[in-house]
Amino acid sequence: MNRQHAAWMFLAPAAIVLGVFFLVPVIGAFVLSLTDYDLYALADLHNLRFVAFGNYWALLHRPLFWAALWHTVYFVVVAVPLSMIVSLCAALLLHSPLARCKPFFRTALFAPVVTTVVAVAVVWRYLFNTKYGLVNYVLAGVGIHPIDWLGDPHWAMPAIILFAVWKNFGYNMIILLAGLQAIPADYYEAARIDGASAWQQFRHITLPMLAPILLMVGILTVSGYFQLFAEPYVITEGGPLESTVSVLYLMYNEGFKWWNLGSASAIAFLLFVIMFVVTACMLRFGRQESEA
Amino acid sequence: MQTLWRVMGAAMIVAWLTSCAPQHADSHTLTFWTIGREGEAITQLLPEFERENPDIHVVLQQLPLTAAHQKLLTAFAGDSTPDMTQIGNTWMPEFVALGALQPLQARVATSQVVRPDDYFASIWSTNVYDGVAYGIPWYVDTRLLFYRRDMLKAAGFDAPPRDWSEWRRMLAALSHPDHDRYGILLPTNEYDQLTALALQQPDSLLRDGGRYGNFESAGFKRALTFYVDTFRMHEAPDITNIEAGNPWSEFGRGVYSFYFSGPWNIGEFRKRLPASEQDDWDTAPLPGPDGPGASVAGGSSLVVFRKSEHKDAAWKLVEYLSRPQVQDRFYDLLGDMPPRRSSWSQGSLRDDPKAQAFREQLERVKPTPPVPEWEQIVNEMQLVAAQAVAGDLTIDQATAEMDKRADRILEKRRWMLDRPQHAGVSL
């Protein structure tokens, strides 16, 4: 047995597992997306038609798909920077030498990440309630008229963004906190001796040193947020007026509610292509930044 | 490495154990899936059945209403259907088309208990395809009006509305949106209300044997106009049932004078409103465009799956649950209305004044189009209707959009119907 065979022997278990549970389903889903697999086909395979790229073509002509894509992009564009800023601020606060009870706050701020989305969504639904909700109660205190958070198509997505940012910032916070702790204290000491202000220290030491981690967190958050589903599913059920239907929500409805699996698979692949392009651009941008 | 071996060993043992375990604990175990609150009430009816049939043991599984449809389809796709289930009769066409259900016609013909002519005709017909019954109606569910008798009286009306114009006058008189008072609550994400208004029209909702949508018909436009006008005149708030929150207490406080809903709310209102307010509300059959109108023939039927290995036992349970006395007890437990006329002529139903409107309405219900895609079409219908309510679409634009969406959904069905023989699927 030569070295190459031995290598394959060791790789085989992992390769088989990857192949069976990852590659085969993906290829299967792609083939499915070229057919009109639906309820009728489920009953009898003779009712299956090969439609080539018909599902994709039909999707591109469906206003709801574009609306869902727009909602998802809106969510990503607003929620990702917001989420990163909030988690960076939280990480800086926790990292600050002035902070007290660090383990407690670390746990408290991380808690939303580990609670189930369904349970907290129910709570937030009450907070957002137009008549009895705490959010409007607080807003009324500063003289702002009650906002119909979940009933007004213009406010439903911002409400979901607020919820999603609150729910997820703790995860990024922990990663960024680890990044902050990895920056050697000497740099800050040297900067202080040179008379750099806190803002200058942040601008010229913290940010550049944190850049690779920020890029990674950014990519993770973007790919996570493109898969927006649970939040609208639990809080608004896609409404009002389909204003919170995301691409994944549309896929879920097509696939598991109506069993149009062909069309649902096509949505999945379109979403994959979009996410692939976006993350590739981010990576390229990140590389250029680090070279510059 | 050692841990890995241990994990693999454990996995193998589990795999071996599960492969050895028999599919059914014993041959007399009947699995029965129930949906929503019926599952809780039926636990009180089953002991008697098991006393009568000591060799049958019923295992209940409760599905939440929101996930039931999906769970049933997944069970079918995964070949793991239970012996029997309750199934919403708007879902029937889908499961019949799938060939998932056992035809029950032969058993009905010889049954001493299940007598088709005793059932409300429209309800029975939702279970019959090509002359073959696939399900036995268990309870019926139609929508009609709950109304505040005292508030109508204060506004000068002695009786609930009999036709649309009278209804419109009452809604106008009872609505004061600036005081947070509305004539009626119509959640914009529930399709039953608009469907009921549409079923009152002479035009059917689909045309050409269910090949195309028929939403641009004069009848549907009339129904949609009436529906949308109710919101435009601020006689109903433009909210979904998510925002409506607790409609019962708001109805009790007089926020809404009418509530367009189903029979389970008789029980809810009795439970949630104080005794002093119980005489203030009542139920009334749905007013139609000119005179008493039709409503939706909803509800659940009991079905046996084709793959079941205990069809005889399942049929025994269906017969037991179809007995008028048992249905009467079921009504007492839950407020679900029995589908048989003889169940209505006895017990508490006969004497319940608030149930009488339902008795009357049940003689005037209409089934929705029996196509498997109906559930999807009616969802789209409501989404477009909500856009019309929000003022984004005119009536003509909305109905054109509904037809467009329905036609897209029905594309496969047209292809199937136009093939020389549709292979194995009954449409």
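**Entry 1: the sheet in chain B**

I looked up the strand order in chain B of this predicted model, and I found five strands that form an open sheet in the order 2-1-3-16-6, with mixed pairing. I noted beside this that strands of a sheet pair through backbone hydrogen bonds, either parallel or antiparallel.

I then checked the edges, where strand 2 (57-63) and strand 6 (136-141) of chain B stand, and each has a single partner strand, so one side of each is left without a neighbour in the sheet. From one strand to the next, the twist averages 20 degrees.

**Entry 2**

As one position to look at in the structure, I wrote down B:Pro137, whose bridge partner in strand 16 of chain B is B:Ser301.

I also looked for a helix against this sheet: helix 4 (residues 65-77) of chain B packs on it, touching strand 1 (29-35), strand 2 and strand 3 (84-88) of chain B, and the direction of helix 4 makes about 135 degrees with that of strand 1 of chain B.

**Entry 3: two helices in chain A**

I turned to chain A, where helix 1 (residues 3-33) and helix 13 (residues 261-291) pack at an angle of about 120 degrees, with their axes 7 Å apart; the crossing of helix 1 of chain A past helix 13 of chain A is left-handed.

Listing the contact, I found A:Val26, A:Ala29, A:Phe30, A:Leu32 and A:Ser33 in helix 1 of chain A meeting A:Leu261, A:Gly262, A:Ser265, A:Ala266 and A:Phe269 in helix 13 of chain A. Sorted by class, this contact has seven nonpolar residues, three polar residues and no charged residues.

Conventions. Residues are numbered from 1 along each chain as its sequence is written. Chains are lettered from A and ligands numbered from 1 in the order in which they are written. This is a predicted model: local features need pLDDT of at least 70, side-chain atom pairs count only at pLDDT 80 or more; totals for chains, interfaces and linings use all residues. Side-chain values use heavy atoms; hydrogens and water are left out. Axes are lines fitted to C-alpha atoms, for helices over the stretch in contact, and angles run from 0 to 180 degrees between N-to-C directions. Helices (H or I, at least four residues) and strands (E, at least two) are DSSP runs, numbered from the N terminus. A crossing is left-handed if the near helix is turned anticlockwise from the far one by less than a right angle, and right-handed if clockwise. Contact means heavy atoms within 4.5 Å. Ala, Val, Leu, Ile, Met, Phe, Trp, Tyr, Cys and Pro count as nonpolar, Asp, Glu, Lys and Arg as charged, and the others, Gly among them, as polar. Two strands pair if DSSP finds at least two bridges between them.
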